Amino acid sequence: MSDSVAVDAKRILLRYGAPINILDEVPDEDRIALAREITKTDLVKREKILTKLLTEGGYLTP
């Protein structure tokens, strides 16, 4: 996977509210998968869905 894809994925996730300290722990492949999922959702739901996905993935605690 190209570094630019991973960087773009991190930017997308940061834009929609992912804490940077959490993203540093998320592997690049998971970041890319999360970013792809987020871009498929409605704009107004992205922040809520991202929080849900990070929690389900074990990266955030509820």
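**Notebook: salt bridges and a loop residue**

I looked up Lys-52 and Glu-56 and found their side chains joined in a salt bridge at 4.0 Å, N to O; the term requires a side-chain nitrogen of Lys or Arg within 4 Å of a carboxyl oxygen of Asp or Glu. The two residues are four apart in helix 4, so about one helical turn separates Lys-52 from Glu-56. I use helix for a DSSP run of H or I of at least four residues, numbered from the N terminus.

I note that this is a predicted model, in which local features need pLDDT of at least 70 and side-chain atom pairs count only at pLDDT 80 or more, while totals for chains, interfaces and linings use all residues. Residues are numbered from 1 along each chain as its sequence is written, and side-chain values use heavy atoms, with hydrogens and water left out.

I then checked accessibility (buried under 20% relative accessible area, exposed over 50%, partly exposed in between; 1.4 Å probe, protein chains only). Lys-52 is partly exposed at 48%, whereas Glu-56 is exposed at 57%.

I counted five salt bridges in the structure. One of them pairs Asp-24 with Lys-10, with 2.9 Å between the closest N and O atoms. This pair links distant parts of the chain, 14 residues apart: Lys-10 is in helix 1 (residues 3-15), and Asp-24 is in the loop between helix 2 (20-23) and helix 3.

I also recorded a salt bridge between Asp-42 and Lys-45 at 3.8 Å, N to O. Asp-42 is partly exposed at 48%, and Lys-45 is partly exposed at 46%.

Last, I located Val-44 in the loop between helix 3 (28-39) and helix 4 (46-56). Val-44 is exposed, at 79% relative accessibility.
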